[in-house]
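Here is a short report on a predicted model. It looks at how parts of the model pack together.

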Amino acid sequence: MEFTEKAVVMTAGDVNRVLARMASQIVENNPDLSGVLLVGIRRRGVPLAERLAAKIKEMDGVAVATGALDITLYRDDLTTVADRPVINKTELPANITGKTIILVDDVLYTGRTIRAAMDELIDFGRPRRVQLCVLVDRGWRELPIQADYVGKNVTTTEAEIIKVMLPEYDEMEQVLLVEQK
Amino acid sequence: MPLNRKDLLGIADLSVEEINLILDTADTFRDVNARQIKKVPTLRGKTIINLFFEASTRTRTSFEIAGKRLSADTINISASTSSVVKGETLIDTALNLQAMAPDAIVIRHGSSGAPHQIAKLVKAAVINAGDGAHEHPTQALLDALTIRYHKGRIAGLKVAIIGDVLHSRVARSNAHLLSKLGAHIALAGPRTLLPFGLETLILSTEGSVTFAENIEEAITDADVVMMLRIQMERQSGGFFPSLREYSIYYGLNRRRLALAKPDAIVLHPGPINRGVEIDSDVADGVSSLILEQVENGVAVRMAILYLLAGGE
């Protein structure tokens, strides 16, 4: 797929500052960090969750546990996509019952990924509460889902795509607003 | 890379990439099977028919559990309770099942090629759960998953496959699969039960399939020892004098297993004939992964159902 780049939404510096802000909001909202679990949604939510955990450690000295969630088996569009998506591993601690789970993803769009993620979490136990942290909220929700921590709100048209690039998966770090050619 | 095919009829026509995709997918389903709630909503609303014309405990139960853990509706039909006893042909049975719009049909049949014939007639994904002496692809895949998990690789391993190779669809599927992934397979057993020429059907550039002079030669320095079941139901031709003699010359005991590498693993597709092809102290010993094979069978079948029955 070819894309036309329309704008740089965030630079690497912006991403870093936004993560620091969200980390401090997480600390502020959750006095007992020992019961908090940062769960990244594959793929790009996982490194973001790890970086949030590192920032919290820097700030408060507390090592918050992290996990990774692959929501493929819970998708609501599996029967309509032509090829079976590749499934990756879900890695969560043995028991999530009673924990405060903070789901971390790169972009909040229709909300369907988050719905799938919550369904999967419930199959692992009964968390005390679930919060949502996203780097970019681009609107266009199709389900009643809102984020508790938002890095940046971006107004988009439906045809536009928010492309989050992280060094773990891409050649550089930035967030772009692009459109398919 | 997706699995771009309607059916799983055998290993012979699978590419190495397809095999690895199935094994990697099965690996993630192993995790699902270790969860407290072992059910995911992936195949909700899909219907899977298990059509078994031959006796089976493991494979049928395994496919049924695999389907149920993916939230599909599974229906079991065995020949003895179906209209086959009233004289319905295989083709008519298949067409009637197709009329009920299943998404997958899992079939075991005593005749080689039966699943292939059905696959041409129905829209559903057809999965071969064993056809005659031809192939048993999901068994070979679960064996490969078990080996890969314990050895970390398959390429370069020496695998001894011992016993009634002639009647064994497990041996054929494994010969295809393991040699494609680069293993070196040594087949051994009574000469009456060795299908010489089998090696010419194996199209592998990485691995190899050879016949050993005797069981000791096959087992020596093996990383994997796979014992085959003596198929009592197919022994009409007097292939060997007695079970006692078979056990003495071709059974796996501790003395023979000692010829293999110290960390060798022992596999058997089940059901085992204790004291015939395998001694109890080997079957229940530390090298034996027979029950883990059964466990991995569910994961492999979940992967196959996900990859073949998941779409429209």
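Residues are numbered from 1 along each chain as its sequence is written, chains are lettered from A in the order in which they are written, and side-chain values use heavy atoms, without hydrogens or water.

**Helix pair in chain A**

Helix 1 (residues 12–29) and helix 2 (residues 45–60) of chain A pack at an angle of about 65 degrees. Their axes, lines fitted to C-alpha atoms over the stretch in contact, lie 9 Å apart. The crossing of helix 1 of chain A and helix 2 of chain A is right-handed. Contact means heavy atoms within 4.5 Å. Helix 1 of chain A contributes residues including A:Leu19 and A:Ile26, and helix 2 of chain A residues including A:Leu52 and A:Ile56.

**Chains A and B**

In contact are 21 residues of chain B and 17 residues of chain A. Buried area is the accessible area (1.4 Å probe) lost on putting two parts together, summed over both. B:Thr28, B:Arg35 and B:Tyr306 supply 31% of the area that chain B buries against chain A.

| Item between chain B and chain A | Value |
|---|---|
| Buried area | about 1,700 Å² |
| Share on carbon and sulfur atoms | 57% |
| Salt bridges | 3 salt bridges |

A salt bridge puts a side-chain nitrogen of Lys or Arg within 4 Å of a carboxyl oxygen of Asp or Glu. A:Lys89 and B:Asp27 form one (3.8 Å, N to O).

Definitions and conventions: This is a predicted model: local features need pLDDT of at least 70, side-chain atom pairs count only at pLDDT 80 or more; totals for chains, interfaces and linings use all residues. Axes are lines fitted to C-alpha atoms, for helices over the stretch in contact, and angles run from 0 to 180 degrees between N-to-C directions. Helices (H or I, at least four residues) and strands (E, at least two) are DSSP runs, numbered from the N terminus. A crossing is left-handed if the near helix is turned anticlockwise from the far one by less than a right angle, and right-handed if clockwise.
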